[in-house]
Structure formats: structure tokens, C-alpha cells
Amino acid sequence: MSWLFVLVQQVKSFIIPLLVVLVAGRRGDNMYELWGLVGVGALVLVSLWQYFTYRYGVLGDALVIRSGLLERSLRVIPFARIHNVALQQNLLHRVFGVAEVRLESAGGQKPEAEMRVLKLDKALALEALVRRRAHAVDAPADAAVRDDAEPLLYLPTGEVVRLGLISNRGMVVVAASVAALFQFGGGDVVEDYAEQGVRQAVGWAGDHSYGTSEYAIGAVVLLLVLLALVRLLSVVLALLQFHGFTLTGHGRRLTVERGLLGRWRTSASRRRIQAWTLTETVLHRLFRRRSLDVDIAVSQHAQQQRALRELAPVATPAACDDLVERLLPHAAWTGLDWQPLPKAVWWRIFLPGALVTCATTALLYLRFGMPGLWLLLWLPWSAFKARKHARCMAFALGEELVAVREGWWSRHWRFAEIDKLQALRLGRSPLDRWLGSTTLFLDTAGANALGPPLRIRFLPDTQARELYDRLAGSLSRRPLRW
């Protein structure tokens, strides 16, 4: 039944053109609506064609994939090149006991191979085969291949609920839905409903002689109810994505399995991890939790939400530190010597926001007069946050690890093995040149564009150049490890 799943995937890709043909065809009398059925029939033939012409096998230390009949393709993929093995099961996959397999490597724009679909036992066997062969290529000749599972982290349902309460997934989904409505012409409907709701609320308020305080309390309660509903949506999304989250180690590879209705199973080599990020927001601290994410050098494909990113979506600080110590035993994470930055850097953090606030205040003053000056009350709070941020900023350079710590309201720790650094760069803005400061940028592969960068900011120029020379000398003597 593999052709059925290929057909479903292709129908998803062509659903909009097919709907356009069906809707446009109904306007005439020439049965143009049948064109949509012809298109579906063509997709069925293509799916069957792919099924009968797709084969895979093993040849030595490589996976061989053959596809096509008129236009043939033969791909030979060395096991050492496969950085990530992803197995996906949606609800239909689970009903039929099959899985979609994706083999990914670093740097490509698409996966090395996609298999829709394999029986689940065959998919797991292929994952185990890749794990063993890749380990055999990487390990020394006399090293034993260990394939026993080592449990590293499991999230019970209570922890997943905490993750939903901490995360903002519900707000992101609501914002994206509203933006999609406005993008596809649903903005008028939203505006009509909003206007109708406001009129009903004003009419109801006119029929009741409540005071100002009662209306204010009602507005606050309504806002809290909306926030609670959004947070409840975040909990539901977290349960769908991370239910049964299990992190295990198989020799030199890590495997994550998660999901409620659909199941995702992702496997990647430990040595493919390029950088690490510990995150602690205000809600994390409220629940005494942190999250641990990693950057892995895999193909930058549009469907990379299945890539191994979260090693610990939510866990206690002690559990996160223990996980880092187990996966980086030679880095001495908990014993790093953190060096703070000069205390005077607080105003460098404060200055950009202060300039924006002053400019906005000037515009509000020109428009509204004296009430516009109330925005200046934001400056003391901004200065307080900048001081706290500056006190938390620090960096550490060990024998095997370089780490950066930033943030106060929301904190993060960003670190990487020195062997994984691919580029060093010193950056100086005009203000840096005037004040004699420099920022040291440390680049690794697979960095998330939306995540915090690995950099040491506002260093005195002499200290920054000393760190640069020290790291450059260390990198020149070390091989780059992917």
C-alpha cells in the first residue's frame, strides 16, 4: 500500500489547483469539473509508477537507492554521510503499521532519501542498520559496537503539561491563524464579527448601570479568560507533539521518540551535534525548569520540524546539567570558570532602547502634547533591566568547551565544543571603535537563525584579540569534527 501514501502526499501538494479546477468547472456546462477527477487519476498512476520503480538495498558501507524507469536514478549514499534518520507516523501510518523514513545529511537542500512508506519493523531495522554501519565507520577498528539502549530522559504527562504552560505555541498558532485569515481575504469577516461583538458589548453595558470599577474588573476577567484559553491550546499542542517523549542513547547515536496521534522518531549521531543552548524564561523559573536544545548539521529542508532539536523540551536544571555532563563527559560543564564582562557595559545594552524610547516620546509629544511624555517612565525600568542583564553576562573558555551566558528576564546559555567551531570573527561597530570594545563571533554549522548567536559581546579590544588568538591557535592544531 505504499502507493496510497505517495498519492496522499501528492494530493496535499496539488489540492489547491484541483479545488480551483473543480470550482471553476462548475460555472460552465462543459463538464470541466471532471478535469479534477482526471488529475486525481493521473496522480494515482504516478504513485503506482513510483511504487513499482523504487528499490533500495545495501552495498558494503553504503545504501543504494534505485528509482525511475524511463528516467533512471541510482544513488549511493555512504552510511558515514547520513547524519540523521527520521521516522514519521501520522494517524494513517499507525493504522496500517507503517512509517515514512527520511535520511538526511549536512548541507543539502533536501534529504538524501525519502521512503514512503516502509513497514514499521523494516523502518526500525533500517535505522538500526544505519546506526551500526555508521558507528563501524567512525569507530576504531578494535572498538566494539554497542547497540544497547541507554535511557537518558523521559517526560511523563505532567512534565508535558508543564511544557505547554511554559511555551507560547498557542499564541503563535492564534497569531498565524489571524494572519492567514487576513492574507486570504478573511479580514472582512473578522472585522464584521469584531464590530458586532463590540456593539453587543456596548449595548449590554448601556442596559446595566455598573460603575467604572465593575467594568474594569470585567475587562480584566475577560482578558484572563482569553489568556487561559490560549494557554490551554498550548497544553493541547504540547501533548500532541511531545507526549511520551523519550531520549535514549544507542552507542554513539541519540534517538528521540515523541507524539500522541502521530509519532516521530529521530536518530542522529552525537558527534553531529554542533552547539548547545540552555534556555530559562520567566515561566521556566516559575516552574523551576529549563530546556536544552542542540544544533545538528543536517539538510536545511522545509520539513525540518522533525529534525532532532530538543534534547530536553522541559526538565529541571539538575537534569539538564546531568544530561550535558553525560553527553559531554570531557567538557567539565559544571566546573567551568565563568568570567564576567565589565560592569560598564550595562549602558551599551540600555542605549539602543533609550534612543528608540526618546524618539517615540518626541513623536507622541508632537501629536498628543504632555500625555505623550508618560512614555519616559519606561526609561528607569529599561535601565534596571540593562544593569541586571550586564551582571548576568559572562563567558567561559575551557580545554574542550567555549560557553556564553546572557539574559536576566529570559536567560540562555550557549556553548559548543572547540573542535566544532568553523569560523572566528571579530566585529566592531563605529561605537565599538570609539569605546575600544570588540565582539567575538563563533560560528558553527547548523545554527538556528532564530536562536541566540554564539558570541561574546562588548569585550575590551585587547582581551577580545587575545581570545581570538588563543582559539585560532587551538583550532589550527585540531581537526574539524563533524
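In which strand is L426 found? Select L426 and you land in strand β18, residues 423–427. Before moving on, some ground rules: this is a predicted model, in which local features need pLDDT of at least 70, side-chain atom pairs count only at pLDDT 80 or more, and totals for chains, interfaces and linings use all residues. Residues are numbered from 1 along each chain as its sequence is written, and side-chain values use heavy atoms, with hydrogens and water left out.

**Stop 1: around L426**

L426 is partly exposed, because its relative accessible area is 26% (buried means under 20%, exposed over 50%, partly exposed in between, with a 1.4 Å probe and protein chains only). Leaving aside residues up to four places away in sequence, L426 touches T438, T439, L440, A464, R465 and Y468; a contact here means heavy atoms within 4.5 Å.

**Stop 2: the whole chain**

Zoom out and colour by secondary structure. The protein chain has 14 helices and 20 strands; these are DSSP runs numbered from the N terminus, with helices (H or I) of at least four residues and strands (E) of at least two. Of its 482 residues, 39% count as buried. Among contacts in the chain with a separation of 6 or more, 58% are between residues 24 or more positions apart.

**Stop 3: the open sheet**

Show β4 to β10. These 7 strands form an open sheet in the order β6-β5-β4-β10-β9-β8-β7, with antiparallel pairing (two strands pair if DSSP finds at least two bridges between them). At the edges sit β6 (113–119) and β7 (149–154), each of which pairs on one side only. From one strand to the next, the twist averages 20 degrees.

Next, select 84–89 and 263–269: these are β4 and β10, antiparallel strands joined by 6 bridges. Look for N84, which stands opposite A268 in β10.

**Stop 4: the cores**

Which residues touch the most other members of the largest nonpolar core? Select L247, W276, L292, L311, W333 and F415, out of 37 residues in that core. A nonpolar core is a set of buried Ala, Val, Leu, Ile, Met, Phe, Trp, Tyr and Cys residues joined through side-chain atoms within 4.5 Å. Stay on L247: not counting residues up to four places away in sequence, its contacts are E150, P151, L152, L153, L254, T255, V256, L311 and L323. There is also a second, separate core of 22 residues, including L341, A390, I418 and L442.

**Stop 5**

W276 stands opposite V294 in β12, while its bridge partner in β17 is F415.

**Stop 6: a helix pair**

Select 346–368 and 378–392. Helices α11 and α12 pack at an angle of about 155 degrees, with their axes 8 Å apart. They are therefore roughly antiparallel to each other (the label for angles over 145 degrees; under 35 is roughly parallel, 65 to 115 roughly perpendicular and the rest oblique). On the α11 side, W346, I349, F350, A354, T357 and C358 meet residues of α12 that include W378, L379 and A390.

**Stop 7: two positive phi angles**

Finish with two backbone spots. R288, in the loop between α9 (282–286) and β12 (290–296), has a positive phi of about 55 degrees although it is not a glycine. F458, in strand β20 (residues 455–460), also has a positive phi, near 60 degrees, and is a residue other than glycine. Buried or exposed: which is R288, and which is F458? R288 counts as exposed because its relative accessibility is 67%, whereas F458 is buried, at 11%.

Notes
Axes fitted to C-alpha atoms, helices over the stretch in contact; angles between N-to-C directions.
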